[in-house]
Amino acid sequence: MAGYKARVISLTKRQGHTFGFFLRLEQTEEGHLIRCLEMGGPAELSGMKDGDRILRVNGEFVDGLPHSEVVDMVRNSGPSVTFHILDEASYVQAKAQGVNLSNSQSTPVANGVAKQALKPKLCYLVKSSTGYGFSVRSNKDEQGLFMTEVSQGNVADSAGVKVKDRLLEINGENVEDSTHDQVVEKIKLAGSSIMFLLVDEETERHYQNKRLKIGAWLATLKYLPHKPRVVDIAKGPDGYGFLLKEKTNQTGHIIKGIDRGSPAERAGMKEMDRLVAVDGKEVDSCSHEQVVDKIRQSGNKCCFLVVDKNTDQMYKQGKVSPMLFLEEMMGSNELPSYTEALNLPAPVRQPTPVKGREEELKPKLCKMEKTPGGYGFHLNGIQGLSGQHIKEVVKGGAADRAGLKDEDIVVEVNGVNVEQSSHEEVVKSISSSSSSLEMLVAKKSVYDQLKSKGVTITRLLVGETSYVQVHTANTPDEEKTHEEKARPETPAEPERERTSSSSSHESLDERL
C-alpha cells in the first residue's frame, strides 16, 4: 500500500491492569479509534497516538467488523495482543482514496521497542487416549533429536510443538546428548504429562551466532496452559483480608482464610494459592517472619505473585520457577518492565496552561442523599465491560451538591472498588443503595496521573488515616499464621438500606 505504512504494536499488560487506552466507535468518524491513552501505560509507551485506527488484531483484519467483535477479540487475547495501527491522517486519506487497507505494509513494534527477540519454548503436554500426537527422530548428520509427525489438533500441536523443533529438555533434564532410545524411554516413563524445552531452527541459529547456551531460563511461557497470577492489592480498612500459613510438613507459604468481599478476594486471590513473590522478590527461601516483614514494608499496597495447585505442579515438573513468568510478563529480558517504563522519560507534550496552583492529586469522596428526582446523574459505560464515568450531572441535584462532575471516573461505590466491574455490576451496586449513596471518584486527569504513577486509588488518599497491625501466631496444628489488619480511627458507619440509581450506556467505548 504505497504511501501508507501500518505499525505492528505488541502490548503486554499486568494482571488486573489494562493496555492503557479506550477503543471507541464514533458516529462522525470511520474505523476503530484509539482514545484516552493512559499516561505511562503500555499503549502510550508503545507510541500509540490519540486518533490512531486499529486495522488488525492478532493478524486478523478488523476494519470492517462490528465494534463489539473487535472489543471481544482484544479482551480474549489475554495479557498480550498485537495490533496493526494506522495514524489518523493516513487512515482518513486512504479511505477518501478508496485504498484497500488490508494490504498495508507494516513495521513491527513491541511495547515501543523493535521486534521481540527469538526464544526457545516450554511446552506442557497432557496425554490423551490417543497419546501425545508426535514422534521423535534423529539424523546421522545432525546432532540431537527432532519432533516429527505432529498431528494437527492433537495434544502436541495444541501445546505449541512444531515439526523440526529440536528437543533440549524433558521435565527439566537435559537430553541433548541422550540417544534416541534413551529419550523414548524417558517419555514413556513420564506418565500422563510431560514438559519439553524445544527450540526451532531460526532461534537455535540466533543463539549459536551469539555463542550462548540455551536453557529454560531463556524460554517463552506463552504455550503453557496454566499461568501464575500477579495480584495487586490495596489494603482496605480491615487489611488485605487473608491469612498466610506455613505448614511444618509442606514447603511454601500458603494463602488461607480469604475474607468474603475483602481486597484479596476482589483482586482474585484464591484459597490454597502458594505465594511465590512479594513486590517482585521471590520468597521461597524466606521464613514466615521474613515474608510477613516484606508485606508490612510494602505499606498500603502490595503486589503478590501466586500459583494455584495445578500451575505449581506444572512448573515443578519442568523444574522452572514461576518467577520466569513474572520476568517474561514484565519484559525484563528485552523490554523495560512496566515499573521501569513508568520511569522512562515522558514523551514531549504540548504545554497546558496552569490554572493557579498545580492540580491536587486526590480523589473525591462524595456522599449524597436521594431526592424525589433521584441522585441526579447518569453512569456511562459499556454493558458487560469495566470502566465507568459520570455523565449528565443535574445542576442543583444531589450529585451536584455532593461534588460529582461530568467525566469523573468511578473508583468505589459504598466502599467497594468497582474499577474492574462491569457496567451491570456497578449499576446494581448503585441500585442496591436506598436513600443514600457514597462514591469515591476522581477527576479524569487526576485518575490518569495517579494510575501512571502506579498509585492505587483508595479513600486513604482523601485524607483519612488507618492504624496497621501485623500479627503472627502458632496455631494448634503447628501452622504459622499471618493476618494483616487495618483499624479505622473513626467508628464505622451504620449499614445502609438499598435502592436504585439512574444509569446510561450510550457511548460505544471500551477501556483496554
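How many disulfides does the structure hold?

Modeller: Keep in mind that this is a predicted model. As for your question, the structure holds zero disulfides. A disulfide is a covalent bond between the sulfur atoms of two cysteines. Take C303, which is in no disulfide: its nearest cysteine sulfur belongs to C302 and sits 7.2 Å away.

C36 comes out as partly exposed, since its relative accessible area is 33%, which falls between the 20% limit for buried and the 50% limit for exposed.

Now for the context. The protein has 512 residues, and 47% of them are buried. Its accessible surface comes to about 25900 Å², with carbon and sulfur atoms contributing 48% of that. You'll find 14 helices and 28 strands in the protein. If you look at contacts between residues at least 6 apart in sequence, 67% of them join residues at least 24 apart.

For one piece of the strand pattern, go to β9, residues 135-139, and β10, residues 142-148: they run antiparallel and are joined by five bridges. A hairpin of two residues links β9 to β10. R137, for instance, has F146 in β10 as its bridge partner.

Notes: Residues numbered from 1 in each chain as written. Predicted model: local features only at pLDDT ≥ 70, side-chain atom pairs only at ≥ 80, totals over all residues. Heavy atoms only, no water. Pairing = 2+ DSSP bridges. Helix = DSSP H or I, 4+ residues; strand = E, 2+ residues; numbered from the N terminus. Buried < 20%, exposed > 50% of the residue type's maximum accessible area, 1.4 Å probe, protein only. Contact = heavy atoms within 4.5 Å. Areas by Shrake-Rupley, 256 points an atom, 1.4 Å probe, with all protein chains shown as cover. Disulfide = S-S within 2.5 Å.
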